[in-house]
Every structure is written in structure tokens, then in C-alpha cells.
Amino acid sequence: MKICHISILLTIIALILGSCASDEPSSSTETATSTITIRARAPQGAASDNELIRTWWMAFVDGSGVVKLVIERPSDRTDAVDYETFDFKIDKGVYTVYAFANIPRGTSGIDFTVGSQAPDLSAARWSAVGVLGDDIPMTGVLRNVVLSGKTGDSFTIEVVRLWAKMCFEFTTNASHPVT
């Protein structure tokens with residue numbers, strides 16, 4: 001009887017140890033695979049040529065302000081974006097995502113370098129019209145984006161026009177000029 005119990009015990013131990021033998025060690029960093037879809041809001045026929053997105057790039061910044069990933073449209077693609085997708089991998093986590101359209105990286109201090117602190121965007125200034133070319137620059141930011149690697153992870157970031165040129169004309173019926 002003693003031999004039978006020992007045999008059963010050894011069999012159970014062998015099964016337990018054998019079941020773990022082929023397990024791969026767990027990675028300390030888990031990544032999420034995601035797809036970005038860039039989509040124009042209006043049909044291209046309804047927009048003027050300089051309103052279209054020709055270049056884009058995005059920066060993913062973690063909670064401590066470190067740039068974790070920068071992705072951008074391939075430089076050989078200069079046609080207007082109507083719909084395109086881009087696959088990427090990033091460590092799972094919570095990010096602030098900055099999106100730029102028709103603004104080249106490095107313009108007026110706007111550049112994000114992986115592994116470095118994100119730049120202070122409040123210092124970015126344009127002093128002349130046409131610095132960025134004829135295409136209308138657009139930006140957007142979205143905070144607390146969770147990338148968990150689960151199917152259905154989704155977020156939408158809208159880019160809006162960076163500036164507009166406005167002219168105000170004031171008229172008065174007074175006998176003195178408006179100052």
C-alpha cells in the first residue's frame with residue numbers, strides 16, 4: 001500500500017512539474033498591438049485643397065511625461081488623406097496622445113523624441129504666415145488613453161485648425177473716431 005501511495009504521489013509531482021516545463025517566462029513589459037485609422041471628416045470634393053491632411057504624426061506620452069512612441073505618415077505619401085490605417089505596437093498603459101496634421105516634426109520647437117521628456121508646447125510660436133506652407137496646420141490632444149491590447153480598444157482624436165486669420169472692422173455713427 002505504501003508503494004502505491006508513493007507511486008501516485010510521484011506521478012502527481014511529475015505531472016505538475018512537466019506541465020510547467022514548456023511555459024515561456026513572462027515578459028516584464030507587455031505590449032499592445034493597435035491600429036490607427038486616419039479618416040477625413042469631409043469628402044475631399046467638399047474641401048479646398050489646403051484644408052486636406054497631407055502629412056500627419058502622433059506622439060504617445062506616458063504619465064511621467066516621457067515620450068514612448070512617435071508614429072508618422074511615410075514621407076513618400078504626399079497625397080491627401082481620405083482613409084488609411086497604420087499598425088503599431090506600444091507598451092500597455094495610459095497615455096496622452098498628441099496629433100499633428102500638416103505640421104512637420106521639429107517646426108517651431110514641436111518635436112517629440114522617444115525616451116525624452118515631451119516638449120512644452122506652450123512655447124511653440126509662429127511669427128510669419130506661410131511658415132508651414134499652404135496646407136492648414138491642425139492639432140489635437142487626448143488625455144487618459146488606455147491601451148490594454150484588448151480587442152475593441154478604441155479612441156478618437158480630432159485635429160482642429162490651429163489658427164484663423166480674422167479682420168475686424170468697427171464703424172461708429174459718432175462724430176469722433178473710435179480709438
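How many bridges pair β5 and β6, and in which sense? The two strands pair in the antiparallel sense over eight bridges, where strands (E, at least two residues) and helices (H or I, at least four) are DSSP runs numbered from the N terminus, and two strands count as paired if DSSP finds at least two bridges between them. The model described here is predicted, so local features need pLDDT of at least 70 and side-chain atom pairs count only at pLDDT 80 or more, while totals for chains, interfaces and linings use all residues. Residues are numbered from 1 along each chain as its sequence is written, and side-chain values use heavy atoms, with hydrogens and water left out.

One of the pairs here is Ala59 with its bridge partner Tyr98 in β5. Seven of the nine residues of β5 are buried, so the strand is largely enclosed by the rest of the structure; buried means under 20% relative accessible area, exposed means over 50%, and partly exposed lies in between, with a 1.4 Å probe and protein chains only. Thr96 lies in β5 and is itself buried, with a relative accessible area of 16%. Leaving out residues up to four places away in sequence, Thr96 touches Ala59, Phe60, Val61, Val141, Leu142 and Arg143, a contact being heavy atoms within 4.5 Å.

The nonpolar interior comes next. In soluble globular proteins, nonpolar side chains tend to be buried together. A nonpolar core is taken as a set of buried Ala, Val, Leu, Ile, Met, Phe, Trp, Tyr and Cys residues joined through side-chain atoms within 4.5 Å. The largest such core has 20 residues, and those with the most contacts inside it are Met58, Phe60, Ile71, Phe88 and Leu147. Two or more residues are given to this core by each of β1 (31–39), β2, β3, β4, β5 and β6. Its largest share, four residues, comes from β5. Another core, of ten residues, lies apart from it and has Trp57, Ala59, Val61 and Phe112 among its members. As for Phe88, its contacts beyond four places in sequence are Ala32, Thr33, Ser34, Thr35, Ile36, Phe60, Leu69, Ile71 and Leu147.

Asp62 counts as buried because its relative accessibility is 18%, whereas Lys68, at 38%, counts as partly exposed.

A network of salt bridges links Arg73, Arg77, Asp79 and Glu84. Glu84 lies in strand β4 (residues 83–91) and Arg73 in the loop between β3 (67–72) and β4, so the pair ties together parts that are eleven residues apart in sequence. Arg73 is buried at 5% relative accessibility, and Glu84 is buried at 10%. Glu84 also meets Arg77 in a salt bridge, at 3.4 Å from N to O; Arg77 is partly exposed, with 33% relative accessibility.

Beyond its neighbours within four places in sequence, Arg73 is in contact with residues including Ile53, Arg54, Thr55, Trp56 and Val81.

Most residues other than glycine have a negative phi. Asn102, however, has a positive phi near 60 degrees, and Asn144 has a positive phi of about 60 degrees. Asn102 is placed in the loop between β5 (93–101) and β6 (138–147), while Asn144 is found in strand β6. Buried or exposed, how does Asn102 count? Asn102 is buried, with a relative accessible area of 4%, whereas Asn144 counts as exposed at 63% relative accessibility.

Terms used. Salt bridge = Lys/Arg side-chain N within 4 Å of Asp/Glu carboxyl O.
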